[in-house]
Structures are given as C-alpha cells and as structure tokens.
Amino acid sequence: MAEDMTLVKAVRTGLREEMARDESVLVLGEDVGRSGGVFRATEGLYEEFGDDRVIDTPLTETGIAGVSVGLAAAGLRPVAEIQFMGFVYSALEQLFTRAARINARSRGRYNCQLVLRLPFGGGIRAPDMHGESMEAMFVHHPGFKVVAPSRPDDAKGLLTSAIRDPDPVVFLEPKRLYRSVKGSVPEGDHTVPFGVARTLREGADVSVFTWGAMTKPTMVAADDLAPEIDAEVIDLRSLTPLDRESIIESFEKTGRAAVVHEAPRTGGLAGELTAIVQESSLLYQEAPVKRITGYDITYPLYDLEDYQLPSPARIAEGIEEAVAF
C-alpha cells in the first residue's frame, strides 16, 4: 500500500513511525513541539508523544548539537532540527569535534547515533542566512553520513535509515520542495539504503548529476532538450557515501557529464564528481565536465535569488555546452 503525500509530510510520517517503533527516538529543536516546527515538519508529534520526547529547546544551535551528542552517548536516538542551514555554523564545534569523532576516538567502542535535520537551499524568498546550501563542508568532514532526498518516498526511506544508523547522519531537506512536489510513499516500514543513486531519466548523450531541489529544474531542462539531446539525469540522494559505481557507469556510457548544484562553485561537490570520473574513466571522456552551480558569493537577498540559483534555462545551456564540445 502507498499514499500520495508531500515531501514535508513524508518527513513527518517517517518521524512518527520511527518514534512509535522505538522509544529511544526523540525530537528536539527550536519550535518543534507545540507549533510543529517552522515548516510544520513535526506537527502533531508533541500531542502524540509528549514533551519528554518532543522537546522545544532554547534558541541555541550550539546547545541543540551538544545536547544531542550527550543524548546519543546515553543510548538514545535524537533527531535534532536546525531551522535553517545558515543557523548551523555555531553548532559546528560540537558536530565536528565531538559527534563526528566519537567512533574514531573510542576505537569503535562508542557510536553517536544522531540525526541532524537541516532544511537547506534557497528559492523561498527568505531573509539573510536562510538560503544556504553548504553541504560540501559536511561531506568533507570524516565521520558524517550525508543524504539529501528530492522525492517524498526517498524522504521517508532515507530518514528511516538515518534514524536507525549507528553513525551521525546529516539529513538535508530541500525546503523549496517541501510542498511543491508530491509522490507515492510506501506505507509501513520503508527504508532506502545509503550510497545508492537514483536514475530519474535514462539517456545516452550526457550524464547529469544532481540532488536536492536542483533535481526539479534539471528534469525540466532535460525534457526541454529532448529529443535533440538525450540527457541521463541521476539524483545522487546520498552524498556520503557516494554511489561511485553508478556515476562511473553512466559517464562511461555517455562520455560527457554536467553537475548541477546550488551551492557556490568553488569547493563544491561538482569538483569532487569531476575528479571521480576523470580518475576512473578518463579514456571515455569526450568533453570537459560542465559545472552548473551557484555563484561564489554570499547568498543574496530574494530580489537576486533567481540569478543565483541554476534555472532550467541555465542548466539547459550548460548541458548543450557539454554536448557541443
């Protein structure tokens, strides 16, 4: 059985089902309780599970991260929400020096089984610090698993896997897609394994890799270019671990590639994906890998958002350049 639902409802459903299944799972963050979260992702959980498992915290991201590490060390499974990715910077000391290192520091005796929910990305006309897409900093730091669903079924499945995982998981939620996409989500127990990409569109001319909110404009661009250009679109879903096999297999089929992300270009994951295909499949390469990304600037206020974010037109232009080389 399955039910059509939005991405934000899929997140809420995954949380509710795991909290009902495992009493060690709890939710904490700013306004996650009585008000149901700034995006209503935790709506109804406070009434169902009570204030000892759905905890409204003070306005302190450092505290949220630090308390979550302590709860995990005590054997619980905290799911912590940071309202916007731009608010997470003050929590990085707790996350980088503690959460990500407990396993290595204890030589595998202890784990830090926490989930950090981070609404990320732009496109919702929000103020400063509300449009960040800085996933590369978590991918770069050893100790984290990092996933970014773009579809409701993946949102529920990846979140369930994240909560059950023994390691800290950064769960990136594309807030631009919270209510703008809808899809069929399996009822009951549903998991999606980490490290497995999803092919959204088969193609033979060029491989286009993306994730999060950029899947939607990328699919629009690919459809607009057909049939002249037959683009294969792959939603990575899991950024750590990466599905290297699917990346390489697709690239060796097409010989050309583009990477689409809304994060700044310099130091972004497009560079890592470029390195992967060149190190593994250089002899298959027919053209330089095209990076279609945000610009290297502080994320702008809403009047300039449409220039910062890769649009279907800009994505299509980049794909055409990769194919025409």
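Q: What counts as a strand here?
A: Strands (E, at least two residues) and helices (H or I, at least four) are DSSP runs, numbered from the N terminus. The model is a predicted one: local features need pLDDT of at least 70, side-chain atom pairs count only at pLDDT 80 or more, and totals for chains, interfaces and linings use all residues. Residues are numbered from 1 along each chain as its sequence is written, and side-chain values use heavy atoms, with hydrogens and water left out.

Q: OK, in what order do the five strands of the open sheet sit?
A: The order is β9-β11-β10-β13-β14, and the pairing is mixed; strands pair if DSSP finds at least two bridges between them.

Q: How do β9 and β11 pair?
A: β9 pairs with β11 (residues 231-235) in the antiparallel sense, over three bridges. Thr199, for example, has Ile234 in β11 as its bridge partner.

Q: New topic: where's Arg237?
A: Arg237 is in the loop between β11 and β12 (238-240).

Q: Is Arg237 buried or exposed?
A: Arg237 is buried, with a relative accessible area of 8%; buried means under 20%, exposed over 50% and partly exposed in between, with a 1.4 Å probe and protein chains only.

Q: And what does the side chain of Arg237 make a polar contact with?
A: The side chain of Asp154, at 2.9 Å. The Arg237 side chain also reaches the backbone oxygen of Val196 at 2.9 Å. A polar contact is a pair of N or O atoms within 3.5 Å; within protein, one must be able to donate a hydrogen and the other to accept it, and residues adjacent in sequence count only if both atoms are side-chain atoms.
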